[in-house]
Amino acid sequence: MSNSLSTAVRTARFGWKCVAKNTSRFVCQNCGAVYPRWAGKCEACGEWNTIAEEEAPAAAAPKATGGKGGRKIEFVGLSGVPETSFRLKSGISELDRVCGGGLVAGSVLLIGGDPGIGKSTLLLQATGALSRVCNAAGKPVRCVYISGEESVDQVRLRASRLGLASANVDLASATNVRDIVATLDSGEAPDVVVIDSIQTMFVDTLDSAPGTVGQVRAGGNELIRLAKRRGFALFLVGHVTKEGTLAGPRVLEHMVDTVLYFEGDRGHHFRILRGVKNRFGATDEIGVFEMTDKGLAEVPNPSALFLAERRGNISGSCVYAGIEGSRPMLVEIQALAGISGGGSPRRAVVGWDSSRLAMVLAVLEARCGVRMSDKDVYLNVAGGIRLTEPAADLAVAAALLSSVSQIPVPADMVVFGEIGLSGEVRAVPQPGLRLKEAAKLGFARALIPPARVNKKSVKESDTVLRLTEIGHLKTLLDMFGMAENRRDS
Ligand code: TYD
Ligand code: MG
């Protein structure tokens, strides 16, 4: 940009107030919006008192488009073989699957999660496992673990607890991005680098404190550029805010290739690694781990874990055959519906969408004549897992009716199906996979949506389970001896 342009002219031309090199600007610490002057409220995200002064990075001044000095770029066709399709597999299959089948060289993964959920443990175990395998060139993988949160001794202590004391991992405790980049840029490039966490890293050319949006963005940017240039897979650990989004680095989510959330209920011992963005694989994959005294253990068969504490023949409980990512998963849905003490009835949901529950309750009342508006309703997905599929509707309805009627859902029955607003039961994806999992776990019966015309569906002869197809929610009332409601409606 020409230096002769005045600030006013630049503002008019580029639509935002461009500040001169090394002057300050004001950045919202919640969403990253940039303002030329301080304000109490961020207009972009609506938060109050989140705007803080930061030094503008030198690169913030936009270069005039079409200016001199640009190099010509080469265009290529869409066909062609990628340079490398090699995926580095850690051998921890729950992690490899969520990463899309292994790590791609030069890819950047951001792992978010509540404090203490096990991010550092997972990544230390991952580097430990990776250091035992070979890279594309057939050499042992070189892993680097840089912690900005814990001292070398603390990480060593954890490693010995995890049985990884002898693993060949290069460990350092550092926070200065310039030092880290200089170190990783010299000598032979490592294959995998872990930065724990991006909020503790700081770029010394910026005045703001570590963890601020400016620091996270600048530090992230430097590290990501280095990873792409030197071709190592980079894990960035990110903290989450109390709202559950990655703190500060929303900006980072756009810059990285893969975003994973490590979630779980503190009261439960299992943890779920969920992919929310992946440039190299499916995003709805999950990996299930169990936190033990020797670190995170893989859970290859989550259904067995989620159903482990189920007691048969109790009213208000129903086993739902769901799909998470590419994997079938059976979970127990528990409902408790009791007469409300007056006022507006309570609805409490753990592990499911509360508006989805409101819809199922409304359909039961309006289409099946079951009075729910005078009852408090509590719904719990046992084990602490969070369900996202609408296919759980029918299982929720069955658990609710079972609780109201005090008649248990048969203990050897699984249920799945989506419910429409008129009470019709709709088909859901992959019924065969759900039934196969149920058969594997010893279930004998299944309550499923009706076969779709001209679409592939499961025939009784395809499975060992006895199938009951149900077209409308009203039919479900018979199972719970509530047929009189049906006549009323
Ligand atoms: P950590 O990996 O430090 O969490 P984060 O990096 O996400 O903040 O996890 C620490 C928790 O895990 C801590 O509460 C103790 C527990 N833990 C175990 O139960 N077993 C173990 O073997 C380890 C290493 C940690
Ligand atoms: Mg940690």
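Me: What should I know about the model and its numbering before I start?

Reply: It is a predicted model, in which local features need pLDDT of at least 70 and side-chain atom pairs count only at pLDDT 80 or more, while totals for chains, interfaces and linings use all residues. Residues are numbered from 1 along each chain as its sequence is written, chains are lettered from A and ligands numbered from 1 in the order in which they are written, and side-chain values use heavy atoms, with hydrogens and water left out.

Me: Which residues come nearest to ligand 1?

Reply: A residue is near a molecule if one of its heavy atoms lies within 4 Å of it. There are 16 residues around ligand 1, and G116, K119, S120, T121 and G295 come nearest. That shell holds four nonpolar, six polar and six charged residues. Here Ala, Val, Leu, Ile, Met, Phe, Trp, Tyr, Cys and Pro are nonpolar, Asp, Glu, Lys and Arg are charged, and the others, Gly among them, are polar.

Me: Which polar side-chain atoms lie by an oxygen or a nitrogen atom of ligand 1?

Reply: A polar contact is a pair of N or O atoms within 3.5 Å; within protein, one must be able to donate a hydrogen and the other to accept it, and residues adjacent in sequence count only if both atoms are side-chain atoms. S120 has a polar side-chain atom 2.6 Å from a ligand 1 oxygen, and R161 has one 3.2 Å from a ligand 1 nitrogen.

Me: Which element gives the largest share of the shell around ligand 1?

Reply: Helices (H or I, at least four residues) and strands (E, at least two) are DSSP runs, numbered from the N terminus. The largest share, three residues, comes from α3; α3 (119-130), α4 (152-161) and β13 (286-292) each supply at least two.

Me: How many residues of α3 are buried?

Reply: Buried means under 20% relative accessible area, exposed over 50%, and partly exposed in between (1.4 Å probe, protein chains only). Twelve of the twelve residues of α3 are buried, so the helix is largely enclosed by the rest of the structure.

Me: And how many residues of α10 are buried?

Reply: Twelve of its 13 residues are buried. One of them is S402, with a relative accessible area of 0%, and its side chain reaches the backbone nitrogen of G316 at 2.6 Å.

Me: Which residue follows α10, and what is its phi?

Reply: Most residues other than glycine have a negative phi, and most peptide bonds are trans. After α10 comes Q406, with a positive phi near 65°; Q406 is exposed, at 59% relative accessibility. Q430 also has a positive phi, about 50°, and is partly exposed at 41%. As for peptide bonds, a cis one joins D196 and S197, with omega about 0°.

Me: How many disulfides are there?

Reply: A disulfide is a covalent bond between the sulfur atoms of two cysteines. With the cut-off that the pair of sulfur atoms lies within 2.5 Å, the count is zero. The sulfur of C42 is 3.7 Å from the closest cysteine sulfur, in C45, which is too far for a bond.
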